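Subject: Structure handover

Hello,

Please find the structure below, with the notes on it after that.

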Amino acid sequence: CPRWEEEKKEDGVKWTQLEHRGPYFAPLYEPLPDDVQFYYDGKPLKLSLATEEIATFYAKMLDHEYTTKEIFQNNFFNDWRKEMTSNEQNIIKDLDKCDFREIHKYFVDKSEARKALSKEEKQKLKEEANKIQEEYGYCILDGHREKIGNFKTEPPGLFRGRGDHPKMGMLKKRIMPEDVVINCGKDSKIPVPPEGHKWKEVRFDNTVTWLASWTENIQNTLKYIMLNPSSKLKGEKDWQKYEVARRLKDVVHKIRAQYQADWKSKEMKKRQRAVALYFIDKLALRAGNEKEEGETADTVGCCSLRVEHIKLHPELDGQKDVVEFDFLGKDSIRYYNKVSVEKMVFKNLQLFMKNKDPADDLFDRLNTSILNRHLQSLMDGLTAKVFRTYNASITLQEQLKALTTSEDNVAGKLLSYNRANRAVAILCNHQRSTPKTFEKSMQNLQSKINAKKQQVEEAQQELKKAEEEYEDTKDAKAEANVEKKKKLLKRLEEQLARLNVQATDKEENKQIALGTSKLNYLDPRISVAWCKKFGVPIEKIYNKTQREKFAWAIDMADEDFEF
């Protein structure tokens, strides 16, 4: 039977046997060649090794938008100066006088040289990477050889963050064995740390699924080495997550009726909770968990909204009772939305904002713990994230039903799928900035479309000529030629249609990140069932890695699956 349907363990126990090699550490810094120099105020300056390494982080990013941002520049320069020798600190006092161009060129050339390697040299590099993967990329878990997800520690570099993160440009320090906590089986062979080093701690905790962990220095958050998404434990966890969201389907009407009744409650606490729950349900807002220690980004979720984050419009753009949201959500991604809400929600918001300053909490009687306790009382396992998962999956299912036409070719069906997926990404506010290569790739695509149009026109003329020849001769050979030209024209028209669909899809998705919802919020069985029902190959929706992650769904769902 499939691995995820094997005998379950007692509560809380995740495994009985776990053995692995520990993390693979990022290689040590290789100094720059003597002929590659850093310049300060127009003069070459030899940097100490630690200072030079950090300079290369910045130099590599010279052609990136990040290095044009003042906050990135300031954070980088502050952290860089901390690592300099006192002599370097006395000289290097102004980032504008620093010239990293030669270092930047060195890495660009190095990258180009790597691309230009012969097939044999590339194969050799691939074999070396495979050897590392074989040694560090697998563990033994309850008798199964399971793949590990991210078995390498992140190399040092400059923190980027998403959106306008206030810590962008800060120095991400090198992870050493002394920072790492190892987790493995009591009776297994404990991983050996690199020579001359020791682990921070070794644990034997079978109630968690991580293999190693450390605290990163920017956000002060824990990072983990986990199993690959295709592993039995991850598959089980994924499956259970979507089953909890499916359970919500049976009680969601009752929950909605309850929070609507609470809009008129005599208790302010209940009213606030009910309006917040309405936002979480209808707009897929995150609950807004308390921030990590030392987190400086002014990001909020539903419970932590302030008065300044919303504007109320009795009428706007022909709609009544409109709430205008504008705040920074998770990862400093801006959430901006204008929504027409229920009359009672609008009245309650007016009440919650009365006599408050812009910086005051909108829901001053509510926090995430209160909300989550309430959600748990409504349904076992219910959280704000379950609402997001439920609403995302239901939206995808409904959109697929509305948008898919069985007569369409595969390209047309995929356009419908991406449009349905986009509706979910918009609901969940999964944005991205337009890729740097977007304009160029669109131009390339347009050139292909123009060339294909030319081919279609030529094929139409060829067909017309062939038909005229047949009319004149009524010859069997001429008739066969007509059929041949018709087939060619049909094939070229299909190729043109596919390219046009691709261009539409690319344009519509340039600022939407479809991947986040597809991998984290959408029950994969909906997509698998859709593929089976409409004859679309699953590999058109999920790549190889994703098919491994969702092996349980591909195995379980038939074309009649309903979320």
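Is D364 buried, partly exposed or exposed? D364 counts as partly exposed, because its relative accessibility is 42%; buried means under 20% relative accessible area, exposed over 50%, and partly exposed in between, with a 1.4 Å probe and protein chains only.

Before the rest, a word on the model. This is a predicted model, in which local features need pLDDT of at least 70 and side-chain atom pairs count only at pLDDT 80 or more, while totals for chains, interfaces and linings use all residues. Residues are numbered from 1 along each chain as its sequence is written, and side-chain values use heavy atoms, with hydrogens and water left out.

Salt bridges

Side chains of opposite charge can pair when their charged atoms come close. A salt bridge here is a side-chain nitrogen of Lys or Arg within 4 Å of a carboxyl oxygen of Asp or Glu. The count by this rule is 31 salt bridges.

D364 takes part in a salt bridge with K356, at 2.6 Å from N to O. The side chain of D364 also meets that of R365 in a salt bridge, at 3.5 Å from N to O. K356 is partly exposed at 21% relative accessibility, and R365 is partly exposed at 44%.

K115 and E112 form another salt bridge, at 3.5 Å from N to O. These two are separated by about one helical turn, because they stand 3 residues apart in helix α4 (residues 101-115). Helices (H or I, at least four residues) and strands (E, at least two) are DSSP runs, numbered from the N terminus. K115 counts as exposed at 55% relative accessibility, whereas E112 counts as partly exposed at 42%.

There is also a network of salt bridges that links E243, R246, D523 and R525. The C-alpha atom of R246 is 9.2 Å from that of V386, although the two are 140 residues apart along the chain. V386 belongs to helix α10 (residues 384-403) and is buried, with a relative accessible area of 10%.

Charged patches

Patches are made of residues with over 30% relative accessible area and no salt bridge, with like charges joined within 9 Å. Accessible areas come from the Shrake-Rupley method with a 1.4 Å probe. Lys and Arg count as positive and Asp and Glu as negative, while His and the chain ends are not counted. The place of a charge is taken as NZ of Lys, CZ of Arg, CG of Asp or CD of Glu.

A positive patch on the surface gathers K14, K237, R286, K330 and K385. K14 lies in the segment before β1 (18-19) and is partly exposed at 34% relative accessibility.

A negative surface patch is formed by E467, E468, E469, D472 and D475. D475 sits in the loop between α12 (438-473) and α13 (476-508), and is partly exposed with a relative accessible area of 36%.

Annotations from the record

UniProt positions are given in the numbering used here, feature names are shortened, and annotations may be inferred rather than shown by experiment. The unreviewed UniProt entry gives "coiled-coil region" for residues 108-135 and 442-509. In the model, residues 108-135 are 89% helix and 0% strand, with the end C-alpha atoms 31 Å apart.

The unreviewed UniProt entry also places "active site" at Y521. In the model Y521 is in the loop between α14 (514-520) and α15 (524-534), and counts as buried at 7% relative accessibility.

Regards

Definitions and conventions: Patches are made of residues with over 30% relative accessible area and no salt bridge: like charges are joined within 9 Å, nonpolar side chains (Val, Leu, Ile, Met, Phe, Trp, Tyr) within 5 Å.
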